[in-house]
Structure formats: C-alpha cells, structure tokens
Amino acid sequence: MDYALDNIIENLTFTKKFKTETISLGSKSLNRMLNGGVKTGFVTDFFGASNTGKTQICFQLCVTVQLLDEEGGAVFVDSLGTFRPERIREIAQHMKLKEDIFERIMVVKARSVREQIDVPKRLKVAPFNVRLLIIDTLTDNFIFEYQGEERAIVRQSNLAKHLHDLCSLALRDGVAVVVTNTVRSRIKDDRYHEVETGGNVASQGVHIRVHLSKEPRGMSARLVQPPIDRATAYFKINSVGIVDNGWYR
Ligand SMILES: Nc1ncnc2c1ncn2[C@@H]1O[C@H](COP(=O)(O)OP(=O)(O)OP(=O)(O)O)[C@@H](O)[C@H]1O
Ligand SMILES: [Mg+2]
C-alpha cells in the first residue's frame, strides 16, 4: 500500500460543499505526515500513553487555528483538568499573534458523560467562529461512570453515539474535531501492544488516527488510519510548543 493521504481526503470530501482547511501542528514532520496538519471536516484521534504529547498538541492547535482565515477559534473540552492557559500563552507568544488569543478559545469543563455529550449539540453558543473542537480526553468520563463488565454495553453504545455526533458535526459544519485517548497494554504473541481505550468503538468511530509514543530522544507519531506506508513523524516539545526533532529526519 502506498498512496497519499491527500488522495484519500479528496475522495472523502467530494460530496462536501465547504472547503477543507488545514490547521498546522507546529512540526514540519507531523504536518507532512498529515498532509499539512489537522483537517476541518474530519475527526482526528491522537492516542498514546501518558506524557506522549497529546495535550500539548491540543494546546498548539488552539493557537494555530487562529491563523486560519475567517478568525477561527477553538472550543476545548477538558475532562481531566488539563487546560493550562499559561502554557497556551507561552506557545502563542512565539507566533506573535496580535489579538488576545483567549477571545477565541472557550474551555468547557466536562466532568461527566452528560456534560461531555452535550458539547457537540451546543457549540453554536460560542461567541466566535468555531473551527476546532478538542476533547481531551475522549473516554475518561465514560470509563469512570460505567465501571464493571455489566455496564460495558451501555458504555460502548453511549460512546458510539457521542462519536457519531462528533463525526456529524465535523462533516456538517466543517469543524476540525480532535480527540485524545489513552491506551491499555495487551500481550499478543509474547509482546506488549498498546490498545486504544474504548476498543473498536473508539478506533472505528473516527476518521484519522495517530498513535503517539515516547522515543529515547523525543516523540514519534504513527498514522494508523488511513494506513499509509512510511507514515511516521518525529517531534519534540519545548517552550515554543511542538517542534521538529533535529535527531530524526
Ligand atoms: N513548557 C514546556 N517545555 C518543554 N516541555 C514541555 C513543556 N510543557 C510540557 N512539556 C512536555 O510535554 C510532555 C507532556 O505532554 P502531555 O501533557 O501533552 O502528555 P499527555 O500525552 O497529554 O499525557 P497524559 O495522558 O498524562 O495526559 C512532558 O513530557 C513535558 O516534558
Ligand atoms: Mg494529557
């Protein structure tokens, strides 16, 4: 298999009336892998173990979405209390944005499944043009509220409905939806594999999936869906945000 992500995106978007826009991720390597960055009209899932850069990528996108035409802004759904305005300001200072970036970032604290699933239904209340909806993280509220095997079916069906709402929103309103997700370790063929929390419901309910890992000298990102050969990017995180890693191509 060796086909470009832009061909796939072209095929997926042929029926849509709005133009797909691209939100930069800061690192050239990551942008190259995703054909320029995160796309409006799609749900992109960044998943990986703790400290692999999921939340930092979201902060970076809150800033770079403001570089789009039409004064785009972001809604950040915070399920675990990870939103850090001072870190976003630090990243924005590097970009020399003229206006106050927080005029176009709205934080929604979602500490329950109900609060979280309401967000895609109520996005229109934002006082700016929402081009990016972030959910950091997708599955925590679901895992906390529906504990135990006997509640797994309800949990998975509610998660599937939520993802369906997010996909509809992305397609209908041309919003870039970015979700983060955690992983669990599984042993297969005597080796450890990282499996996304929420199983097939999570992995099949999004358009684009990127698996983040920690390397000895930075972070790596692998495009898992759609499957494209040689789809690995390398990046690091420093005071200005997400940047290329000089150790790797
Ligand atoms: N100002 C900064 N300068 C350099 N590195 C930073 C800065 N802020 C955060 N980092 C790095 O970002 C990493 C944390 O990334 P992040 O919080 O995005 O992980 P995560 O994947 O969201 O983890 P979790 O699953 O626990 O939420 C840390 O390794 C930290 O070193
Ligand atoms: Mg995080």
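Is K96 buried or exposed, and how many other C-beta atoms lie within 10 Å? Select K96 to start. The cut-offs, with C-beta atoms placed from the backbone: 20 or more other C-beta atoms within 10 Å make a residue buried, 12 or fewer make it exposed, and anything in between is partly exposed.

Before moving on, note that this is a predicted model: local features need pLDDT of at least 70, side-chain atom pairs count only at pLDDT 80 or more, and totals for chains, interfaces and linings use all residues. Residues are numbered from 1 along each chain as its sequence is written, while chains are lettered from A and ligands numbered from 1 in the order in which they are written.

**Stop 1: positive phi**

Stay on K96. Its phi is near 55°, a positive value in a residue other than glycine. K96 sits in the loop between α4 (85-95) and β5 (105-109). Helices (H or I, at least four residues) and strands (E, at least two) are DSSP runs, numbered from the N terminus.

Now select N35. N35 is not a glycine, yet its phi is positive, about 55°. Look for N35 in the loop between α2 (28-33) and β2 (38-39). N35 counts as partly exposed because 19 other C-beta atoms lie within 10 Å.

**Stop 2: cis peptides**

Select D136 and T137. The peptide bond joining them is cis, with omega about 5°. T137 belongs to the loop between β6 (129-136) and α6 (140-145).

Go on to Q225 and P226. Here too the peptide bond is cis, and omega is near -5°. P226 lies in the loop between β11 (218-225) and β12 (232-238).

**Stop 3: helix α3**

Select residues 54-64. This is helix α3, and it is mostly covered. How many of its residues are buried? The count is 11 of 11. Among them are K54, Q56, F59, C62 and T64.

**Stop 4: V43**

Finish at V43, in strand β3 (residues 43-48). V43 is buried, because it has 26 C-beta neighbours inside 10 Å.

Then pick L163. L163 and V43 are 120 residues apart along the chain, and 8.8 Å separates their C-alpha atoms.
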